[in-house]
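Could you walk me through this structure with a few exercises?

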Amino acid sequence: MKSFLSLGQKMLMKLSAIRNSASILQQIRYAHVTKLGNQAKGLLFRQLFHDASYTYTYFLGCAKTRKAVVIDPVLEMVDRDIKFIEEMNLKLVYGLNTHVHADHVTGTGKLKQRIPGFQSVLSKASGGKADMLIEDGEVIQFGEQSIHCSATPGHTNGCMTYILPDHSMAFTGDALLIRACGRTDFQQGNAGQLYDSVYKRIFSLPDHYFLYPGHDYMGFSVTTVAEEKVLNPRLTLSRDEFINFMKELNLKYPKLIDIAVPTNLKCGEISKEALQGSAELLSKK
Ligand SMILES: N[C@@H](CCC(=O)N[C@@H](CSS)C(=O)NCC(=O)O)C(=O)O
């Protein structure tokens, strides 16, 4: 049957196939916006994982303007992240670090090299360098969307939780993990301060808010304020009990700490040697 089609008819069929695949791509690009409840207000949201360091990276985009931010990108995953933003037709404007990480190198330095106009972000309190040093209460705009910065020190002195009130979401970094919390035994960590930060800045959010952590070591991906207030075994202790519990945690130091901290204090703008060292150390299980 096909062999009887004229060249013109064949070309028309091809064109229609191309149009269909473009429309499928368009549908994929916008599916998350139209189908998921909390994205109805034009927010594009993705959670990605780095399995060597158990780190979550988050993309948040304005569906209308395509401006986007990334929270806690990982150096080793920058190629994946760039492929993702290209596929999704996003313009990445800011790389928000929740804090100076001790267990992996941030991807914000490498993203700066690859994306013109991209800016690294870190809290002023962390004592590091960034294109944009933010303070408690600041609001970061990307297109029609905005992120509120809420200081939650205790895991480190410069930890910031990023909140999207319009979407009932908060990105807690390592201040609050699912059924756990960040350790407090280095980088000016302070258990009492962490307890206060969580209660004043995270547990004070409405119960239905979704909480997205910086890491998860147990296979979870998201929680809620209501859940953690009742089920977090550390944060349901009294303040004094929590301080004692954190004193006894006795975790090994992260294997990358000596490279990660100085590099992340510069938002990941690093030498080739450090880059190599980071890749080697992370590949050792
Ligand atoms: N084994 C890992 C480090 C694991 C670790 O210390 N995680 C930190 C967050 S990254 S500094 C943490 O706060 N953990 C809390 C907990 O209760 O596990 C490595 O060597 O990198």
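Below are some exercises on this predicted model, each followed by a solution in steps.

**Exercise 1. Classify the ring pair of Phe49 and Tyr54: is it stacked, tilted or edge-to-face?**

Step 1. A pair of aromatic rings is described by the distance of the centres and the angle of the planes.

Step 2. Two rings pair if their centres lie within 6.5 Å, and planes over 60 degrees apart count as edge-to-face. By this rule, the model holds 15 aromatic pairs.

Step 3. The ring centres of Phe49 and Tyr54 are 6.2 Å apart and their planes stand at 70°, so this pair is edge-to-face.

Step 4. Now look at how open the two residues are. Phe49 has a relative accessible area of 32% and is partly exposed; Tyr54, with 33%, is partly exposed as well.

**Exercise 2. Describe the ring pair of Tyr58 and Tyr212, and find which parts of the chain it ties together.**

Step 1. Start with the geometry. Between the ring centres of Tyr58 and Tyr212 there are 5.6 Å, and the planes are at 70°, so the pair is edge-to-face.

Step 2. Next, place each residue. Tyr58 belongs to strand 2 (residues 55–62), while Tyr212 belongs to strand 13 (residues 210–213), so their pairing ties together parts that lie 154 residues apart in sequence.

Step 3. Then check the accessibility, where buried means under 20%. Tyr58 has 2% and is therefore buried; Tyr212 has 8% and is therefore buried too.

Step 4. Finally, widen the view. Tyr58 and Tyr212 are part of a cluster linked by ring pairs, which also takes in Phe45, Phe49, Tyr54, Tyr56, Phe171 and Tyr217.

**Exercise 3. Work out which residues surround the ligand and what share of its area the protein covers.**

Step 1. List the surroundings. Around the ligand are Asp103, His155, Asp174, Cys181, Gly182, Arg183, His215, Tyr217, Arg234, Leu251, Pro254 and Lys255.

Step 2. Look for polar atoms. In the side chain of Tyr217, an N or O atom is 2.7 Å from a nitrogen atom of the ligand. Arg234 places a polar side-chain atom 2.7 Å from an oxygen atom of the ligand. With Lys255 it is the backbone that takes part: one of its polar atoms is 3.1 Å from a ligand oxygen.

Step 3. Turn to the area. On its own, the ligand has 530 Å² of accessible area, and the protein covers 80% of this.

Step 4. The space that the ligand takes is the largest pocket.

**Exercise 4. Describe the setting of His215: where is it, is it buried or exposed, and what does its side chain reach?**

Step 1. His215 sits in the loop between strand 13 and strand 14 (223–224).

Step 2. The relative accessible area of His215 is 2%, so this residue is buried.

Step 3. The side chain of His215 reaches the backbone oxygen of Tyr54 at 3.1 Å. A second polar contact, of 3.4 Å, joins the side chains of His215 and Asp174. Both His215 and Asp174 are among the residues that surround the ligand.

Step 4. Compare sequence with space. His215 and Ser53 are 162 residues apart along the chain, and their C-alpha atoms are separated by 8.0 Å.

**Exercise 5. Two residues have a positive phi although they are not glycines, Arg179 and Gln187. Find where each is placed and how accessible it is.**

Step 1. Arg179 has a phi of about 60°. Its place is the loop between strand 11 (176–177) and strand 12 (180–181).

Step 2. With a relative accessible area of 25%, Arg179 is partly exposed.

Step 3. For Gln187, phi is about 50°. Gln187 is found in the loop between strand 12 and helix 4 (191–202).

Step 4. Gln187 has a relative accessibility of 15%, so this residue counts as buried.

**Exercise 6. Which element holds Tyr162, and is this residue buried or exposed?**

Step 1. Tyr162 is located in strand 9 (residues 160–164).

Step 2. The relative accessible area of Tyr162 is 0%, so Tyr162 is buried.

Step 3. From Tyr162 to His99 there are 63 residues in sequence and 11 Å in space, taken C-alpha to C-alpha.

Methods:
Residues are numbered from 1 along each chain as its sequence is written. Side-chain values use heavy atoms; hydrogens and water are left out. Rings of Phe, Tyr and Trp (its six-membered ring) pair if their centres lie within 6.5 Å; planes under 30 degrees apart count as stacked, over 60 as edge-to-face and the rest as tilted. Buried means under 20% relative accessible area, exposed over 50%, partly exposed in between (1.4 Å probe, protein chains only). Helices (H or I, at least four residues) and strands (E, at least two) are DSSP runs, numbered from the N terminus. A residue is near a molecule or strand if one of its heavy atoms lies within 4 Å of it. A polar contact is a pair of N or O atoms within 3.5 Å; within protein, one must be able to donate a hydrogen and the other to accept it, and residues adjacent in sequence count only if both atoms are side-chain atoms. Accessible areas come from the Shrake-Rupley method with a 1.4 Å probe; for residues, only the protein chains shown count as cover. On a 1 Å grid over the protein atoms alone, a cavity is a set of points where a 1.4 Å probe fits but cannot get out, and a pocket is an open set with protein on both sides within 12 Å along at least five of seven lines; lining residues have an atom within 4 Å of a point. A molecule sits in a cavity or pocket if more than half of its atoms lie within 2 Å of its grid points.
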